[in-house]
Amino acid sequence: QHYLKRIETLDPQLNSYITVTADQALAAADAADARLARGEGGPLTGIPLGQKDIFCTTGVRTSCASRMLDRFISPYDATIVKKLQAEAGMPMLGKLNMDEFAMGSSNETSWYGPVKNPWDVTRVPGGSSGGSVAAVAAGLAPVATATDTGGSIRQPAALTNLTGIKPTYGRVSRYGMIAFASSLDQAGVVARSAEDAAQVLQAMSGFDPLDSTSMDRPVDDLVAPLGRSIQGLRVGLPREYFADGLDAGVRACIDGAIGELKKLGATFTELSLPNSPLSVPTYYVVAPAEASSNLARFDGVRYGHRSAQAKNLEELYEKSRGEGFGPEVQRRIMIGTYVLSHGYYDAYYLQAQKVRRLIYDDFRRAFEQVDVILGPTATDVAFKLGAKTDDPVSMYLNDIYTIAANLAGIPAMSLPCGFKDGLPVGMQLMGNFFDEAKLLNVAHQYQ
Ligand code: GLN
């Protein structure tokens with residue numbers, strides 16, 4: 001009731017929810033109470049959450065913030081929805097706003113309008129998980145799910161003073177999560193602390209036979225090791241992440257955090273990830289290529305928007321897709337189709353896959369020397385709404401520090417490390433495969 005009331009009074013300003021499921025939330029809360037009264041349930045039973053509107057929820061619209069799916073009601077639940085709601089007992093408050101099909105860094109491509117940053121409503125909350133972070137930062141949900149294909153958990157967490165973690169590729173099931181770029185997409189969580197994030201990530205992780213890329217490996221305990229000392233932790237500082245382009249005020253916050261971590265016993269080494277400047281161009285070949293293929297299913301025939309204007313089959317495809325997809329999604333489909341087309345495939349797509357391997361090799365070498373890598377999450381604090389909407393390339397460059405982790409498949413998180421001009425600054429921690437517990441431990445010790 002507390003959260004539903006806050007949503008009612010504050011969300012008209014923030015626009016963080018696409019759908020609020022008040023009756024269902026209250027019924028689920030009653031069921032959680034009954035479970036707890038029987039001595040059943042766990043640490044999350046009865047704790048409400050918001051779900052990013054990219055996760056399929058039976059009986060509740062799953063729009064992916066697109067006109068294409070404005071009236072789509074899924075006949076099944078995503079695996080993480082089952083795990084968090086049915087199994088862990090978390091009542092869902094509603095479905096959260098996002099960039100259309102998770103394509104964006106500012107939550108301005110949503111069919112349902114932009115989300116505002118609760119720290120300054122003239123600024124963006126980051127994207128694509130802008131609704132998830134705005135809701136948690138403003139106290140309209142204690143925690144929220146999110147997804148990260150190139151930074152969509154970490155960058156918005158940084159811009160709203162939250163802790164967000166993208167686990168190792170394959171750690172959390174993608175079943176029922178609407179696909180953007182399947183080899184990069186991972187689900188995770190945004191929360192107010194590393195401890196909250198650990199609890200929720202623990203509950204959503206694990207092998208799922210319904211996702212062929214899910215890893216069949218036991219889930220580590222993420223909560224118990226939070227209290228461990230980080231004395232002797234080896235931290236790498238990649239030269240390329242502290243070069244030109246990083247705002248001086250952001251840098252000062254990160255330097256402050258490095259000082260704090262030294263006091264806790266961590267040691268620091270400078271290192272190089274030489275191929276990191278290639279991560280944005282590589283991503284903007286691989287991600288649109290996969291998106292163009294994934295989004296081919298929205299043809300106006302099987303589900304989703306169907307144009308009323310079409311006179312023949314060809315027109316049905318053209319008009320349904322032309323009306324259903326916004327400009328950024330159409331741009332990605334065109335880029336992706338181009339780089340996969342005969343004659344360009346070798347020059348772009350295949351080349352990008354080779355560079356992707358080099359980016360992965362940089363991390364492999366780095367983790368022979370250090371336990372975690374630390375750097376900024378974003379180049380600067382939250383920018384003004386509309387500031388980058390006319391310039392897609394400057395928007396794409398937002399993701400310069402976050403994309404490499406997706407290309408390599410490694411876990412990465414963002415946590416708050418200070419303020420510049422009253423706006424939150426985040427720092428990023430990257431770890432080796434399946435080192436989520438270590439990242440969360442460092443973040444909890446710092447917090
Ligand atoms: N901003 C990036 C993009 O637009 C990343 C999005 C994401 O992680 N979903 O592709």
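This is a predicted model: local features need pLDDT of at least 70, side-chain atom pairs count only at pLDDT 80 or more; totals for chains, interfaces and linings use all residues.
Residues are numbered from 1 along each chain as its sequence is written. Local features need pLDDT of at least 70, side-chain atom pairs count only at pLDDT 80 or more, and totals for chains, interfaces and linings use all residues.

**Helix α8**

Helix α8 runs over residues 279–294. Helices here are DSSP runs (H or I, at least four residues) and strands likewise (E, at least two), numbered from the N terminus. The 16 residues of α8 should span 22 Å at 1.5 Å a residue, and its end C-alpha atoms are 22 Å apart, which agrees. The expected span is 1.5 Å times one less than the number of residues.

Of those 16 residues, 12 are buried, so α8 is largely enclosed by the rest of the structure. Buried means 20 or more other C-beta atoms within 10 Å of a residue's own; exposed means 12 or fewer, and partly exposed lies in between, with C-beta atoms placed from the backbone. Among the buried residues are Tyr-283, Tyr-284, Pro-288 and Glu-290. Their cover includes α10 (327–340), α11, α12 (392–396) and α13 (403–408).

α8 packs against α11 (residues 345–369) at about 125 degrees, with the axes 9 Å apart. Axes are lines fitted to C-alpha atoms, for helices over the stretch in contact, and angles run from 0 to 180 degrees between N-to-C directions. That angle makes α8 oblique to α11. Angles under 35 degrees count as roughly parallel, over 145 as roughly antiparallel, 65 to 115 as roughly perpendicular and the rest as oblique. Ser-279, Thr-282, Val-285, Val-286 and Ala-289 of α8 meet α11 residues including Tyr-348, Ala-352 and Arg-356. Contact means C-beta atoms, placed from the backbone, within 7 Å.

**Thr-57**

Thr-57 sits in the loop between β2 (49–52) and α3 (79–87). Thr-57 is buried, with 23 other C-beta atoms within 10 Å. Leaving out residues up to four places away in sequence, Thr-57 touches Gln-51, Thr-62, Ser-74, Asp-77, Val-81 and Lys-95. Met-177 is 120 residues from Thr-57 in sequence, yet 9.8 Å away C-alpha to C-alpha.

Most residues other than glycine have a negative phi, and most peptide bonds are trans. Two residues have a positive phi, as tabulated.

A cis peptide bond joins Gly-127 and Ser-128, with omega about 5 degrees. Ser-128 lies in the loop between β3 (92–96) and α4 (130–137).

Terms used:
Two residues are in contact if their C-beta atoms, placed from the backbone, lie within 7 Å.
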